[in-house]
Amino acid sequence: MQGAPGIEVSPFVEPAPAATYSEWRLIWRSFRQDKLALIGLAIILVFILGAAFAPLLTPYPEQGRGDPNILEKFKPPSAAHPLGTDYLGRDVLARVLYGGRSSLSMGFLVVVIAVLIGVPLGAIAGYLGGWVDEIIMRATDVFMAFPSLLLALAIASALGAGFTNTMIAIAVTWWPWYTRLVRSQTLSLRERFFVEAARSIGLPGHKIVLTHVLPNVMTPVWVQATLDLGSAILISAALNFVGLGVQPPAADWGNMVSQGRLYFIDRPWFAGAAGAAIFLTVLAFNFIGDALRDAADPYLRRT
Amino acid sequence: MQRWEYLLKRLFLAIVVLFSISLITFFIARVLPSDPAAAWVGPRPTQEQIAKATQTLGLDQPLYVQYWRYLTSLLRGDLGVSIKSRQPILTELKTYLPATLELVIASMIIGELIGLPLGVLSGAWKGGALDNFSRILAVACVSVPTFFLGLLLQLVFFARLKLLPISGRISNEIAINYPITPITGFYTIDTLIAGNWPAFQDVLLHLILPAITLAAFGLGLSIRMTRASIIETLNEKYILAARVAGLPRRTILFVLALKNAIMPTLNVIGLSFVYSLTGSILVEVIFSWPGLGQYLTNAVLSLDFPVIVSVTLVVTVFYVAVNLALDLIQATIDPRVTLS
C-alpha cells in the first residue's frame, strides 16, 4: 500500500484499512464469492445491453416497434426467426429485445421514484420527530395497508393506461418501505456524536439531514432498492399483462404474454419467450439481491 | 403495557386505517379520473347526459360533501352501482367473492403443507442437499410471474398429460347433470354437504391447477422464512439443553423448535394470504375462474371505476382484518408482543 505522491506517510501510523477500502468495495469482495449472484449479474447485463442496442441486434427493428408482418404469422423458431414469429408475424426476438426497454426501465424507474419520494420523507420524519413524524408514519401505515398490486392497478386505471401513469401508480404504492427504513436509520443516527456536533455548531436542520444524515443511510437504501428491482419488474409486468401500462403495438414482456396466452397451448413460443424473459430477469435480480444483502449485512447492522 | 390496552390500541389503529383507506379509494374513484361523469354515461355522451350524471353522482357538490355521502353509503354497505352492468356492486361481489376465497384458501393450504416442513427440514440440515434444493425452489417460486406459471401448468397438465381441466370451476356436463345448490358458495363444501360426489370430484380437479399456480409465491416465502426462523431457534440454549438431555431429534425439531418458530410462521401465513388474494387477480384471468379477479380485470378493460375501487376496498378490508386478527392472536400467544 503506497501513499499518494507528495504525501509523506509516517512509518509509525499505519493507515486504517477501513479508510482505504470503501464500504462498497468490501461489499463487492464478498458479493463476488457468490456464483449465483454473478450469473444473475450476467443475465441482467445481457438483457440491458440487448434492450439498449435492440436496433443493432435485430434485422427487424420495425417489427420490434410494432409493425405487423401478417404473411409470416405463427412461424415456429427457425434460422431467420430464432424465437419464431407472433400472431401478427412479428419476429419474437425483436419483440423481446424491444419489450425489455419497457419492462426493465419501468421496473427500474419505479424503484428510483419510490426512493426519491420515500427517502426524504423518512429522513424528515426521523430527524424532526413529533407531529411531523406522526403524520408521515400514519400515511405509510395507510399506503401499506393496501395490497400493492391492487392499489397500483386502481390508480393506474384511474389515471389512464400508459407507461408513465402505470409507473407512477406503482411508485405510489412503493415509497412507504423506504420511508420506514430511512426513518429507523435516522432515529439511531440522530443520537450519534457527529450529528450532535453538527447541531452544536449551529448547522440548520436541513443541512444536517442533507450532509450528515442522508449519506449515512444510503447504503441500506441501495441494498433494499436492488432487492426490490425484481418485485418491481414483476408487478410492472403484471399490470402490463392486465392491459394497463404500455399500449399495443408497443411491446412489453407483460403485454406479450397477455397477447400470446390464447395461443399458448398450440404455439407456446411467443408468450413463452416473454414469460421466460420476465422469469429470468426477476430470478437474476433475486440472486443479486440475496447476495448483496448477505454481503452488506455487517454494514447494515452497524447503524 | 397491559394486554387489553394493547388490544384496544391495535383495534383503534385498524379503524383509523380503514377510514383513511376509504379516503384514498374515494380519491381514486372521484378525483383522479379526468371525467367521472362521462365515464358513467358511457361512450359518446351528450352534454345533457353528462349534466344529468353530474347531478345524480353529486359531482357538482364540494368534495367534502361528496366524501361524506360516499362514506355514509359505504357504512350502510352500499358500494354503488357498476357502470357496465348497472347492478349494485355488493350483489355482484357476493357471487364472486366465495370463488376467490375458495381458491385462495386452497392455495394457502397447499403452500403451507409443503412450505412449512420443507423450511423446517432445510433449516435443520443447513447446507445439505435438501437445503440446496429448497433454496432454488424458493427463489424460483418467488421469481416466476404467476400468469406465466399458470400457462406452463396448463400446457403440461392439460395439453400434454391430459390429466386436468384447463379452466373454469366445473365442467358443463357436470353442472347440468349434477347441479350444485349454492349454500356457502364454496363449491367443494357445497357438493360435500349435498353428498354430490360426481360434482365434488369435478370441482376438486378444476381447483388443482389454479391453486398450485397461486400457491407458488407463498410457498417460496414460507420455505425461506420458516428456514430462517428454525435456524435462529436452533441456536438457542434451550435447544442445546434438550440435545444434551438426549431428546430425539424429531422431538427437538418439530415440537420444541417449531413451537418457538410459530410467530414468524403466523406472519408468513398472513403475508401469503395477501399475496394469494392479489395474485388471484392474475390466476383467475388465466384459468377463467369466475371470481373477484375476473370481475376486476373486466372492470379495468371497460373502465368501470366504481367496480375497480370497490374490489380494491373490499380486498384491502380483508387484508386489514387478517392482519389485525394475526396481531391479536400473537398478542394472546406471546406476552412479549404487548411489552414492546
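Tutor: The largest nonpolar core has 161 residues, and those with the most contacts inside it are A152(A), L153(A) and A274(A). A nonpolar core here is a set of buried Ala, Val, Leu, Ile, Met, Phe, Trp, Tyr and Cys residues joined through C-beta atoms within 7 Å. A residue is buried if 20 or more other C-beta atoms lie within 10 Å of its own, exposed if 12 or fewer, and partly exposed in between, with C-beta atoms placed from the backbone. Domain 1 (37–78) and domain 2 (92–303) of chain B both give residues to this core, so it lies between them; the domain bounds come from an automatic or database domain assignment. Apart from this core lies another, of 6 residues, among them L116(B), I230(B), A257(B) and A261(B).

This is a predicted model, in which local features need pLDDT of at least 70 and side-chain atom pairs count only at pLDDT 80 or more, while totals for chains, interfaces and linings use all residues. Residues are numbered from 1 along each chain as its sequence is written, and chains are lettered from A and ligands numbered from 1 in the order in which they are written.

Consider L153(A) next. Leaving aside neighbours within four places in sequence, L153(A) is in contact with L239(A), V242(A), L244(A) and V300(B); two residues are in contact if their C-beta atoms, placed from the backbone, lie within 7 Å.

The contact between the chains takes 35 residues from chain A and 37 from chain B. On the side of chain B that touches chain A, α15(B) gives the most, with 8 residues. That side divides into 30 nonpolar, 7 polar and no charged residues. Here Ala, Val, Leu, Ile, Met, Phe, Trp, Tyr, Cys and Pro count as nonpolar, Asp, Glu, Lys and Arg as charged, and the others, Gly among them, as polar.

G230(A) also has a contact in chain B: leaving aside neighbours within four places in sequence, G230(A) touches V282(A), F285(A), N286(A), G289(A) and S143(B). This glycine is found in helix α11 (residues 205–242) of chain A; helices (H or I, at least four residues) and strands (E, at least two) are DSSP runs, numbered from the N terminus. G230(A) is buried, because 25 other C-beta atoms lie within 10 Å.

Finally, chain B as a whole has 16 helices and 0 strands, and buried residues make up 37% of its 340 residues.
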